[in-house]
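Please find below a colleague's note on the structure under review. The points are numbered and may be read alongside the coordinates.

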Amino acid sequence: MSSHRLKFSQYLMLVFIMLGASVGDALLSRGMREVGPVSFSHLGLLLHALLNPWVIAGIAVLISFMGSYMTALSWADLTFIQPATAFGNVVTALIGRIWLHEAITPTRWAGIACIVIGVGFVANGPSKTEHKHTIALTGGEGA
């Protein structure tokens, strides 16, 4: 049974996924603060939001994040990738606090800490589930 050890390039991909999601979301948040409240009842405001440079940058980063995420899912299980990139919650909180000047309560920090501790449990497991294929042999012929 193989443990599916990751290559250095795959670890870099996980870091990019983590940073891409955090930075992309932060850029969107920054842009939407400039745009203000939007709703589906006023679609013109939503279209206006799509012209904001911060929103455009956020969408571009999130598109590259999605491509990287899909790539990672091609070589590892979702149940490995999602927790392995969960440290992005810490990055998002730090970006929110430092760049967006958001207040983060001790309760939120405690929740983020729980997520990071949980990542430790997942990181020790294999990155890909192995499935044993059964070959039925009948009368000496392979199936």
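1. Confidence is expressed as pLDDT, the predictor's confidence in each residue, from 0 to 100. The chain averages a pLDDT of 85, and 85% of its residues score at least 70. The model is predicted, so local features need pLDDT of at least 70 and side-chain atom pairs count only at pLDDT 80 or more, whereas totals for chains, interfaces and linings use all residues. Residues are numbered from 1 along each chain as its sequence is written, and side-chain values use heavy atoms, with hydrogens and water left out.

2. One segment calls for caution. Over residues 134–138 the pLDDT stays under 50, and the model has five contacts (heavy atoms within 4.5 Å) for this segment beyond four places in sequence. Where pLDDT is low, the predicted coordinates should not be read in detail.

3. The secondary structure comprises six helices and two strands, taken as DSSP runs numbered from the N terminus (helices: H or I, at least four residues; strands: E, at least two). From the N terminus on, the order of elements is α-α-α-α-α-α-β-β. Among contacts in the chain with a separation of 6 or more, 71% are accounted for by residues 24 or more positions apart.

4. Of the 143 residues, 29% count as buried; buried means under 20% relative accessible area, exposed over 50%, and partly exposed in between (1.4 Å probe, protein chains only). The accessible surface of the chain is about 9700 Å², with 69% belonging to carbon and sulfur atoms. Such areas come from the Shrake-Rupley method with a 1.4 Å probe; for residues, only the protein chains shown count as cover.

5. Which residues does Leu19 contact, leaving aside its neighbours within four places in sequence? They are Gly24 and Val91. Leu19 belongs to helix 1 (residues 8–35). Leu19 and Val91 are 72 residues apart in sequence, yet their C-alpha atoms are 7.3 Å apart in space. Leu19 counts as partly exposed because its relative accessibility is 37%.

6. Thr85 occupies the loop between helix 4 (78–84) and helix 5 (88–98). Its relative accessible area is 10%, and Thr85 is therefore buried. Not counting residues up to four places away in sequence, Thr85 touches Leu14, Ile17 and Met18.

7. Leu46, in helix 2 (residues 43–49), has a relative accessible area of 30% and is therefore partly exposed.
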